[in-house]
Amino acid sequence: MKKVLFALIATVTALVFDMPALHAAADNQLVARQKINLSGRQRMLSQRMSAAACIAMTGLDGGERAQIAQTAHDEFDTVLSGLRDGNADLGLPSESSADVRMALDTVVETWRVVSPPVQQLASGYATISAITQIMQNNNELLRQSNAVVQQIVAKYGGASIAADMAKAIDIAGRQRMLSQRMVKAACFVFVQIGDTDTRGELASAIELFDSSLAQLMNGDAARFVAAPPTLAVAQQLSHVYEIWQPFRRQLEDMASGARSGPQDLLAIAAAGDELLKETNKAVLRYVE
């Protein structure tokens, strides 16, 4: 009996003295998830501000999208600074990795080019030259923002968080971006800017969203993507699938060259908002 009691005391004592280490590990996991989440969200914001600026230029929405463009612009700017230099409100420490900081510095350079025309359109000064400048640079901003995510996943995935879970969070975050990239491409098709290229971009984004959703719902061991870790994640992904089906048909009509009017574009924008909201919930379920 004494042996059992001493063993129990030793176990409890060990746990007490290990609490700082356990808390540190939990904190590191939370920071890793937050970095992956917020850096992935930057990809979405690069496309959301571009989509909103394009729709604002059409004058079809009564000014609502101009405000969305400005909000996305300001959030992108705040998180970009926070990822590099830290932001306590966002739960972000200053970045210590030289590779991640270098990738963030590359984003800063392109951001200086994209930011002014977005703000111009958001302020109500809609011009073709501004939207053309956004169109020419937003995909580069997206590419560079994605490079930041991959650097963060490489640094934190496997050390602070399981690699297949880091990959799942990355892909779930990319779904948010794709919801807005499809709206952006649909608007560019509508205003007839880069017609052939943007139809191809729209079709590719539809295909990638569809295949990525299947990966998340089922897991993909061959590509190191974790299956849904909880029932809450699985249920949210199923809900995303339900609202994705009608939205996909709307987008495929636009990509195929079918005639579309102002109400079609606004319906696509509204459906994109709904898809963004639900895909973001899926990411938060993973982070939780």
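This is a predicted model: local features need pLDDT of at least 70, side-chain atom pairs count only at pLDDT 80 or more; totals for chains, interfaces and linings use all residues.

I start with α2 and α3. Helix α2 covers residues 64-85, and helix α3 covers residues 98-122. Their axes come within 10 Å and cross at roughly 160°. An angle over 145 degrees counts as roughly antiparallel, so α2 and α3 are roughly antiparallel to each other. The crossing of the two is left-handed. On the α2 side, the residues in contact include Ala-66, His-73, Phe-76, Leu-80 and Asp-85. On the α3 side, they include Arg-101, Val-108, Trp-111, Ser-115 and Ala-122. By class, the residues of this contact divide into 12 nonpolar, 4 polar and 5 charged.

Two residues are worth a look in this part of the model. One is Arg-65, which sits in α2. Is Arg-65 buried or exposed? Its relative accessible area is 8%, and buried means under 20%, so Arg-65 is buried. Setting aside neighbours within four places in sequence, Arg-65 is in contact with Arg-48, Ala-52, Ile-55, Ala-56, Ala-269, Ala-270 and Asp-273.

The other is Gln-42, in helix α1, residues 2-58. Gln-42 has a relative accessible area of 3%, so Gln-42 is buried too. Which residues does Gln-42 contact, leaving aside neighbours within four places in sequence? They are Glu-75, Phe-76, Val-79, Leu-80 and Leu-83. Of these, Phe-76, Leu-80 and Leu-83 were also among the α2 residues that meet α3.

Next is the pair α5 and α7. Helix α5 runs over residues 163-190 and helix α7 over residues 231-255. They pack at an angle of about 30°, with their axes 10 Å apart. Angles under 35 degrees count as roughly parallel, which is why α5 is described as roughly parallel to α7. Here too the crossing is left-handed. From α5, Met-182, Val-183, Ala-186 and Val-189 take part, and they meet Trp-244, Phe-247, Leu-251 and Met-254 of α7. This contact has 8 nonpolar residues, with no polar and no charged ones.

Also in α5 is Ala-172. Ala-172 is buried, at a relative accessible area of 2%. Not counting residues up to four places away in sequence, Ala-172 touches Leu-216, Val-283 and Tyr-286. How far is the C-alpha atom of Ala-172 from that of Ala-282? The separation is 7.0 Å, although the two residues are 110 residues apart along the chain.

Leu-216, one of the contacts of Ala-172, brings me to α6, where Leu-216 is among the buried residues. Helix α6 takes in residues 195-218, 24 residues in total. From first C-alpha to last, α6 reaches 35 Å, close to the 34 Å expected at 1.5 Å a residue. The buried residues of α6 also include Thr-198, Glu-201, Phe-209, Ser-212 and Gln-215.

After α6 comes Gly-219, with a positive phi near 75°. Further on, in the loop between α6 and α7, is Phe-224. What is phi of Phe-224? Phi is near 60°, a positive value in a residue other than glycine. Is Phe-224 buried or exposed? Phe-224 has a relative accessible area of 62%, and the cut-off for exposed is over 50%, so Phe-224 is exposed.

That is what I have for today.

How values were computed:
Residues are numbered from 1 along each chain as its sequence is written. Side-chain values use heavy atoms; hydrogens and water are left out. Helices (H or I, at least four residues) and strands (E, at least two) are DSSP runs, numbered from the N terminus. Buried means under 20% relative accessible area, exposed over 50%, partly exposed in between (1.4 Å probe, protein chains only). Contact means heavy atoms within 4.5 Å. Axes are lines fitted to C-alpha atoms, for helices over the stretch in contact, and angles run from 0 to 180 degrees between N-to-C directions. Angles under 35 degrees count as roughly parallel, over 145 as roughly antiparallel, 65 to 115 as roughly perpendicular and the rest as oblique. A crossing is left-handed if the near helix is turned anticlockwise from the far one by less than a right angle, and right-handed if clockwise. Ala, Val, Leu, Ile, Met, Phe, Trp, Tyr, Cys and Pro count as nonpolar, Asp, Glu, Lys and Arg as charged, and the others, Gly among them, as polar. The expected span of a helix is 1.5 Å times one less than its number of residues.
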